[in-house]
Amino acid sequence: MARRGGGATSRFAAGIPQGAGKSATSALWWCFCVLFAPVAEAGLYTASDQVLLLSPDNVEALLINSTAAVFAEFYASWCGHCIAFSPLYKSLARDIKEWKPAVDLAAIDCAAEENRKVCAAFGIRAYPTIKFFHAYSEADSKGQSYRGPTYDVRVFRHMIIDKLENHKEPWPPACPPLEPTSQAEIDSFFETNNVQHLALIFEDAKSYIGREVTLDLLQFENVTVRRVLSTEEGLVTKLGVTEFPSCYLYSPEGNFTRLKVNIEARVFYSYELQRLPGVRRSGKPPPVAAGVLAKNSLEPWKPFNRSRVYMADLESTLHYSLRVELAAHTVIEGGALTSLREYVSVLAKYFPGRPAVMNLLKSSDAWLQNQTGDEISYEAFREILDNTAQSPNVALPEGERWVGCQGSQPHLRRYPCGMWSLFHVLTVQAKDAGGTDPKEVLSAMRSYVRSFFGCRACAEHFEIMAEESLVEVTTLSSAVLWLWSRHNRVNNRLAGALTEDPNFPKLQWPLPKMCPACHSVKDNGEHTWSQQQVLLFLVSYFSPSSILADHLEDESQILAKQREKHALLSQQRVERKAREASDSMTHPLPSQSTVQDDEGEGEEEDDDEEEEEEEEELRDGADQGEERAAADEMERKTSDTKPWGKPEVEVGRGRRQAHGRPRIVGLRIPQLQEDIVDLDSFVYQHYRAEAAQPPGAAATRVKQRSLQRKEEREPGPVFGLGADLDAGLGMAGLRPVEGDFELDAGRHRTWMQKRELSGQRIVEEAEMKRWVSLLSVGFSKVDISLCVILYFLTSMCLLAMCLFFKNRLRLRRVKVALP
């Protein structure tokens, strides 16, 4: 038997081989393999099975000179017996998970090409072969072969204990003492050990319960477990022990108290001892006190019942799933779109939510089913979630309000806890509703996790579980139990991990105190679950009548917030359109751009601008047929629908923008530049049409235009966004700017009077301008100027020639008259 070290909870070797200096490196490598091993490996085992996967790269570090004893299975993936044995080996790994610092399980696939040399080096000739490697095994060690029965986890567990108890020197450092204790050691225990609890398990010599519980508590602090045989008459008589096995707690004050459990068995002892005050997992922070949680200013702690489900958690899960997790996918297509349809369909059918939430889930499901394309945008789906159509009594609360899933730290529990709770509720609801497909909820859950769940390693682990055993689900009841058993398996794998909340340790659920009937033991003392009792408990626990509505936001408040949000979005949309309109006017499109005059732009006086308008009206009066009618109709529409106080003339047809500037409350718009339009490109067609008309036709049309101007409506009030009040625009919350309205109305009347005078003057001058126009058909002002200059130069030349010949003729007459 190994020698005892200085402490009662560990046994250390007196002498360690020279190679033991590598122990720290081996331990570091072991932790690396456990934490960072790939999720899926070729062969019969994966890292999620809590079995170390051996390879040529790590076999020496894990088996040779290791600080822990290792049981290694050498198998071939094609071997039928190996395949049949693998479930038992996985169960054993989960069963002794807490023993890992002292002993571990490993496996290697000898059928893989890269592993054949390793298996040959250890002398493997048959499969499966299990070998035991002592702690600090030497480099030439090939391990001890195990040839016992391979059909029972309990037999394997006892064999491992025997190997540890008979371990040769040096002893595995993390392994506690497994030999029975004596009364003398108990009397002096607290003199040499600083722990809060000493648990004494009284049992027969052949019982393994004491040693199993000792190893189960290996990773916990402030508690020590010792084994007391029934032959230790002094302690048995002192405490009055009559039942074997039984457990008593010995305190530093010298008091003995019997530990109360439902059944005197290993699982119940381990569970109750782990829940003792002050007991916590080694290396983990202590639980946060309730007073500290209540004083958290960032997010106040909400008192809750740990044995109940809260609707606030379920709605928070829906919010995060549909509005946060899905938002990472801007486009949802292919298999992901199918997964989303199945997920929302299951929610719409089985989620036991409030009326507003159910209405939203049903409308979302109907919208998804109606999409015939191969992809959708998340933005379009988000509009359905936010009820932008403003359908009555349709809403999903925004934000997270965790209650039963709140953690002691912001990064603990929450959404993963809510997701598990949500799918437990859905499986139970599907059973109560009498669904036709037993795998409907589980398949939807599997697809959603595979396509959208943010933790990809978690998604891969879940996919492995579903792939290997989902086929076993054949009834709605088995679907409820399958999800429960896989949830417990995940809890077992993550117990002690960084994701574990110290205030909410990951245990096998339901706990004995929650459902005593769910736990039972076999004839050999092994713990087992009563499946029928577990099913009854799950159906009752996750039924709609058991879900608490505490800490929920009132439905009317949710709908009011949604309406306020839509009103705000509508106002922002109107303001954005107004900004876009002003930007488009400040920076016109290329098709609306105009040719600027070289002599300067934007510096003309009001009189010049009015004269240009009068000339343009005269030219527009020469338009014929559809062109003239279209121009008049456009002018009427413009004067009726312009968003500002004064009418505005078209740009691009030889007209200039109006003088009035937009007035928008709280928004400063840059100065609009005057657009100088070059009419040369349009003059030819206008004047040619005018020349073809009989005299007086242009004047008649000008009179009609003047009369039409008189009938124009008075401008309406100007509102804060510079737009006439129009119910069709949907503008809400706009105030009329009265001062601006009066000023614009006065300017408009002055402008109308000028227009009438201009019309009269145009009638009088029309005849004269028509004849001038006839002379300049097809010519610009520059062309006319050049022609005048040429005419002048020609006249000068003709005059010079005339004077020259006149003088010449006079000289000849003088010569003829001479004698």
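1. At roughly what angle do the axes of helix α8 and helix α10 cross? In this predicted model, the axes of α8 (residues 209-216) and α10 (residues 266-274) cross at roughly 35° and come within 10 Å. The crossing is right-handed. On the α8 side the contact is made by Ile209, Glu212, Val213 and Asp216, and on the α10 side by Arg266, Tyr269, Ser270, Leu273 and Gln274.

2. A word on the whole protein, for orientation. The secondary structure comes to 27 helices and 17 strands. The protein has 819 residues, of which 44% count as buried. Taking contacts between residues at least 6 apart in sequence, 74% join residues at least 24 apart.

3. Helix α15 is worth a look down its axis. In α15 (residues 378-385), Tyr378, Phe381 and Leu385 are buried. Their directions fall within an arc of 60° in that view, so these buried residues line one face of the helix. What covers the buried residues of α15 includes helices α12 (311-325), α13 (334-350) and α14 (355-370), together with strand β14 (375-377). Just after α15, Asn387 takes a positive phi of about 55°.

4. How many aromatic pairs does a search of the whole structure find? The search finds 32. In one of them, the rings of Trp78 and Tyr127 have centres 6.1 Å apart and planes at 85°, so this pair is edge-to-face. Trp78 sits in the loop between β2 (69-75) and α3 (80-95), and Tyr127 in the loop between α4 (116-121) and β4 (129-133), so the pair ties together parts that are 49 residues apart in sequence. Trp78 is exposed, with a relative accessible area of 63%, whereas Tyr127 counts as partly exposed at 29%.

5. Tyr320 and Tyr415 form a tilted aromatic pair, with 4.5 Å from centre to centre and 45° between the planes. This pair also links distant parts of the chain: Tyr320 is in helix α12 and Tyr415 in helix α16 (residues 415-433), 95 residues apart. Tyr320 is partly exposed, at a relative accessible area of 27%, while Tyr415 counts as buried at 8%. Elsewhere, ring pairs link Tyr45, Tyr75, Phe85, Tyr89, Tyr146 and Phe156 into a cluster.

6. Which peptide bonds would I check by eye? The bond that joins Tyr127 and Pro128 is cis, with omega about -10°. Pro128 lies in the loop between α4 and β4. The peptide bond from Phe244 to Pro245 is cis as well, with omega near 5°. Pro245 lies in the loop between α9 (233-239) and β9 (246-250).

7. Two further backbone angles deserve a glance. Asn393 has phi near 55°, a positive value in a residue other than glycine. Asn393 is found in the loop between α15 and α16 and counts as partly exposed at 32% relative accessibility. His551 has phi near 65°, again a positive value in a residue other than glycine. The place of His551 is the loop between β17 (547-548) and α21 (555-586), and His551 is partly exposed, with a relative accessible area of 33%.

8. Is Asp49 buried or exposed? Asp49 is buried, with a relative accessible area of 7%. Asp49 lies in the loop between α1 (23-36) and β1 (52-53). Leaving aside neighbours within four places in sequence, Asp49 is in contact with Leu44, Lys90 and Ala93.

9. Finally, two C-alpha separations across the chain. Ser540, in helix α20 (residues 531-541), has its C-alpha atom 8.8 Å from that of Val428, 112 residues apart along the chain. Asp432, in helix α16, has its C-alpha atom 8.7 Å from that of Ser543, 111 residues apart along the chain. Ser540 counts as partly exposed at 43% relative accessibility, and Asp432 is partly exposed at 44%.

Methods:
Residues are numbered from 1 along each chain as its sequence is written. This is a predicted model: local features need pLDDT of at least 70, side-chain atom pairs count only at pLDDT 80 or more; totals for chains, interfaces and linings use all residues. Side-chain values use heavy atoms; hydrogens and water are left out. Axes are lines fitted to C-alpha atoms, for helices over the stretch in contact, and angles run from 0 to 180 degrees between N-to-C directions. Helices (H or I, at least four residues) and strands (E, at least two) are DSSP runs, numbered from the N terminus. A crossing is left-handed if the near helix is turned anticlockwise from the far one by less than a right angle, and right-handed if clockwise. Contact means heavy atoms within 4.5 Å. Buried means under 20% relative accessible area, exposed over 50%, partly exposed in between (1.4 Å probe, protein chains only). The arc is that of the directions from the helix axis to the C-beta atoms. Rings of Phe, Tyr and Trp (its six-membered ring) pair if their centres lie within 6.5 Å; planes under 30 degrees apart count as stacked, over 60 as edge-to-face and the rest as tilted.
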